[in-house]
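Please read them with the structure open beside you.

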Amino acid sequence: MSSVLYDVPGPKAILRNRILAVVTVVVVLAILGFIIYRLAVTGQFTAEKWRIFTFPLVHQNIIDATLRTLSAFAVAAVASLVLGLLLSIGRLSDHAIIRVPVMLFTELFRAIPVLILMMIMYYGLPPLGVTFMTPFLAVVIGLTLYNGSVLAEVFRAGIESLPKGQTEAGYAIGMRKSAVMLLIQYPQAIRAMMPVIISQLVVVLKDTALGFIVTFQELLYLAKFYGGQVTYGSPIIPSTIVFGTIYILLCLALSAVAKWVEVRSRRNPRITKVAPAVQAANQVEIK
Amino acid sequence: MDPLINNLDIFVPAFRNTIILFVVSGVAALILGTIVGGMRVSPVPIMRGVGTVYVNFIRNTPLTLLMFFFAFGYPKLELGKLSYMTLAIIALSLYTATYVAEVIRSGFNTVPVGQAEAARAIGLPFAQTMSLVILPQAFRAVIPPLMSVFIALLKNTTVAAGFSVFEAGAIRAYLSERGEPAIVVLLWVAAIFVVLVTVLSLVQRRLENKWRVAR
């Protein structure tokens, strides 16, 4: 197998590769070993520190917090997709009076950190007379404004990457602009952009953890609460391990969906034609 | 303007710390990310495996959780005291490095294999194949997404506010004690971020136009 960086290895290169492999294993084992040694020496594996996670009530609380995290994610994900679609339609408008404000809106909300958006919602608005603001709403609105703007750019990149003939054919058979967008452009753009859209949803899921800073009682909030229980020897590290595993599993599941969609669409010749768009949009997808 | 001017003693050091977090973790992430990205395209399967595991695990962990571990968990390991600022830098660097690694890997992937094969065919040694044929092309493909990663890093520095680091995200908490209206303070913080991000985006656009690959 040849790659850009190296040729098929000869006898010398094979020997060198084997030595490198051994060195890698040794270094990685040394780092892992050191971490585990420190964990053991400082007593992180004692039964006392893990006991709190054996109670059924704690399990129930963890499940509830996971559901709160997931519901914030679900609401924010749906709202971001809707907002993203609307913004992308606005940004592709023929009328500058719609296009320019929408462009300013997306650029603005892409530039403000999500945490600051959440803080504006949670700390900034209530003194102005907004009475219904809960931490949940602050998290969801903050996530929606940011990710909706990012997704708008993803949709737009998808549409702009389509071959021009697609739109021209639509107009040629007498379609109006709305029909061209709805029936020709968006279906293709969304299919081509599916992996990017899903990986942006992973970002939404990860960023729900910011809710902890604006007192939203989700997983990380609970992690800090249990980690600080002095009666159980302040099991902050066991707590990080437990809650970290939950987060990683949730995100990995979502990432796996993204990868599956990508592999599937790569096999589909109708979608591979617009595949370069995915590369272009990977530059849009940040964070 | 008043809430900003009256409280410059808070705004200036806070944003200075934001910039420090950004620059130091940016450099560290670039170094670590290049190493990991190099591992992910190396001919040694074990290196590729280690790189993949690292990238996939850290990428699927919220940055907030990483900071949480370093701010609250690290002191329990009794490895010597580090300031919250240093711990935040470590978390930001480890997190951002995965994105840098992915960008570098995809940069190499944009170079067609034929380019390297042609270079080898005309007898160029490894160093010249790299420096004259592959890196110049990979570099051009890498710059714009790399700038996106840095823009994200700049915004991510605010997360440190939740973990006792005095930077832009923490300004509100400090100024609420002085009785400043939260919304005005937060809008100023947001506005400064918009300016900083716009500057970075302009740099990105310039580099993009300068180095666009004409194929």
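1. Leaving out residues up to four places away in sequence, B:Thr96 touches B:Ala29, B:Val149 and B:Leu153; contact means heavy atoms within 4.5 Å. B:Thr96 belongs to helix α5 of chain B, where helices are DSSP runs (H or I, at least four residues), strands are DSSP runs (E, at least two), and both are numbered from the N terminus. With a relative accessible area of 3%, B:Thr96 is buried. Buried means under 20% relative accessible area, exposed over 50%, and partly exposed in between, using a 1.4 Å probe and protein chains only. B:Thr96 and B:Pro13 are 83 residues apart along the chain, and their C-alpha atoms are separated by 24 Å.

2. A word on conventions. This is a predicted model, in which local features need pLDDT of at least 70 and side-chain atom pairs count only at pLDDT 80 or more, while totals for chains, interfaces and linings use all residues. Residues are numbered from 1 along each chain as its sequence is written, chains are lettered from A and ligands numbered from 1 in the order in which they are written, and side-chain values use heavy atoms, with hydrogens and water left out.

3. Helix α5 of chain B covers residues 84–109, 26 residues in total. From first C-alpha to last, α5(B) reaches 38 Å, close to the 38 Å expected at 1.5 Å a residue; the expected span is 1.5 Å times one less than the number of residues. Of the 26 residues in α5(B), 19 are buried, so the helix is mostly covered.

4. Chain B as a whole has nine helices and zero strands. Its C-alpha atoms fill a box of roughly 70 × 45 × 25 Å along the principal axes. Of its 215 residues, 53% count as buried. Among chain B contacts between residues at least 6 apart in sequence, 77% join residues at least 24 apart.

5. Which residues have the most contacts inside the largest nonpolar core? They are B:Met67, B:Ile134 and B:Ile171, in a core of 128 residues. Such a core is a set of buried Ala, Val, Leu, Ile, Met, Phe, Trp, Tyr and Cys residues joined through side-chain atoms within 4.5 Å. The largest share of this core, 13 residues, comes from α5(B). Beyond its neighbours within four places in sequence, B:Ile134 is in contact with residues of both chains, including A:Val4, A:Leu5 and B:Phe108. A second, separate core of 12 residues includes A:Leu151, A:Val154, A:Met181 and A:Met193.

6. Two residues other than glycine have a positive phi. Phi of A:Thr215 is near 60 degrees; A:Thr215 sits in the loop between α8 (177–207) and α9 (219–227) of chain A, and is partly exposed at 36% relative accessible area. B:Ser164 has a phi of about 60 degrees and lies in the loop between α7 (126–156) and α8 (171–176) of chain B. At 52% relative accessibility, B:Ser164 counts as exposed.
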